[in-house]
Each structure stands twice: as C-alpha cells, then as structure tokens.
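The following exercises ask the reader to work from coordinates to a structural description. Each task is followed by a solution in steps.

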Amino acid sequence: MNIQTTRGYVAVFDDDIVRHYQQFLDQRRQLRPEEEYRDPTSEEWSEFQEHFDKRKVELGFCGRPYVTPCAHEHACIRCPMLSVNPTMLPRLDELEDDLVARRQHAIAQGWKGEVEGIELTLTFLRSKRAQVHRSQQLPPVNLGIPSVPHSRLTPE
C-alpha cells in the first residue's frame, strides 16, 4: 500500500492543516504541566543562548540539538551536523592541501591506518565543499507563514 494512492482520494487544504495543528497544540498544552509554560529564569535563558555561542566553530556552525554533547569529539569536518560557512571555502582548500601532504607522508611511512583515516577525512571535506557549492546554486526558498483568520481556528 502506498500513501500516494490514498492521497488521491483525500483533499487536504493549507487552512485544514493549520487548523488541525493548532488544535493539536492546544490539546497537547492541556496535557502538559503548567510549570512548563513559565518564563525561563535569567540563568536558563543565558544557558540557552550560550548553547548557540558554543556551536560557532572555525568552519561555520554546528547544528547539534540543544544540550547534546559533541558525538564526534570535535572532528567537525567529519560531522554531518557541521554547516560550512561559504566564506570558509578557502580554508577548506588549505585543509585539503594539508591532508593530501599528510597522506603522502603516511604512505611513505607505511602507516596504513593513518592513510585510511586521512582519506576518510578528505572524503568528508570534499563532500562539505560540494554541499556549499550546491547550496550557493539554489535560489532562496520562501516558506512563508500561512495566515488563517482567527475565526476559522476556533471550533464551532
């Protein structure tokens, strides 16, 4: 069975989606403890803001979720959560040149494990560069914010 088959029999409109989502949020909020909806303390807010300051790295921004540790021991170039800032492309070139030189040295020394690790890092680096180039080719996407009259959101 394929969901696309069913989609042909059901008409879904943006205002229906928004209305159902608003109803879901209202019901969900009624189930959660009231204290979860309090204003954060200044310490909590500072900690939250600091989270984003810590996500700024040399090559761009780490997109890992709030209050999660770095699973890759700060080997950012290998991490799928790294979003490279396009202005850092020259730095990627420098890193690649260094890695290629290190690989040549490791090959000369017979350090097979080191060669394997450097090649893996080079693969990730080149993938990050290609990702930046692809993102620069795409026009910005306007996601927009649906506007639904308040009267349509309230159940009748």
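The exercises below concern a predicted model.

**Exercise 1. Determine the order of the strands in the sheet and identify the strands at its edges.**

Solution. 
Step 1. The sheet is open and consists of 3 strands in the order β1-β2-β3, with antiparallel pairing.
Step 2. β1 (56–57) and β3 (82–84) each have a single partner strand, so one side of each lacks a neighbour in the sheet, and these two strands stand at the edges.
Step 3. The pairing of β2 (residues 60–62) with β3 is antiparallel and comprises 3 bridges. Within this pairing, F61 has S83 of β3 as its bridge partner.

**Exercise 2. Is C62 buried or exposed, and which residues does C62 contact beyond its neighbours within four places in sequence?**

Solution. 
Step 1. C62 belongs to strand β2.
Step 2. The relative accessibility of C62 is 8%; the cut-off for burial is under 20%, and therefore C62 counts as buried.
Step 3. With neighbours within four places in sequence set aside, C62 is in contact with R55, V57 and M81.
Step 4. The C-alpha atoms of C62 and V84 lie 8.7 Å apart, although 22 residues separate the two along the chain.

**Exercise 3. Compare the span of helix α5 with its expected value, and state which of its residues are buried.**

Solution. 
Step 1. Helix α5 (residues 112–137) contains 26 residues.
Step 2. From first to last C-alpha, α5 reaches 38 Å, close to the 38 Å expected at 1.5 Å a residue.
Step 3. The buried residues of α5 are V115, I118, T121, L122, L125, K128, R129 and V132. Their cover includes β3 and α4 (89–109).
Step 4. As a check on one of them, T121 has 12% relative accessibility and therefore counts as buried. Apart from neighbours within four places in sequence, T121 contacts I77, R78 and L99.

**Exercise 4. Describe the largest pocket: what is its volume, which residues line it, and which helix gives the most to the lining?**

Solution. 
Step 1. The volume of the largest pocket is about 160 Å³.
Step 2. Its lining is made up of V57, E58, L59, C76, I77, R91, L95, D98, L99, R102, T121 and L125.
Step 3. By residue class, the lining contains 7 nonpolar, 1 polar and 4 charged residues.
Step 4. Both α4 and α5 supply at least two lining residues; α4 gives the most, with 5 residues.

Definitions and conventions:
Residues numbered from 1 in each chain as written. Predicted model: local features only at pLDDT ≥ 70, side-chain atom pairs only at ≥ 80, totals over all residues. Heavy atoms only, no water. Pairing = 2+ DSSP bridges. Helix = DSSP H or I, 4+ residues; strand = E, 2+ residues; numbered from the N terminus. Expected span 1.5 Å × (residues − 1). Buried < 20%, exposed > 50% of the residue type's maximum accessible area, 1.4 Å probe, protein only. Contact = heavy atoms within 4.5 Å. 1 Å grid on protein atoms, 1.4 Å probe; cavity = no way out; pocket = protein on both sides within 12 Å on 5 of 7 lines; lining within 4 Å. Points joined across faces, edges and corners; volume = space filled by probe spheres on them. Nonpolar A, V, L, I, M, F, W, Y, C, P; charged D, E, K, R; others polar.
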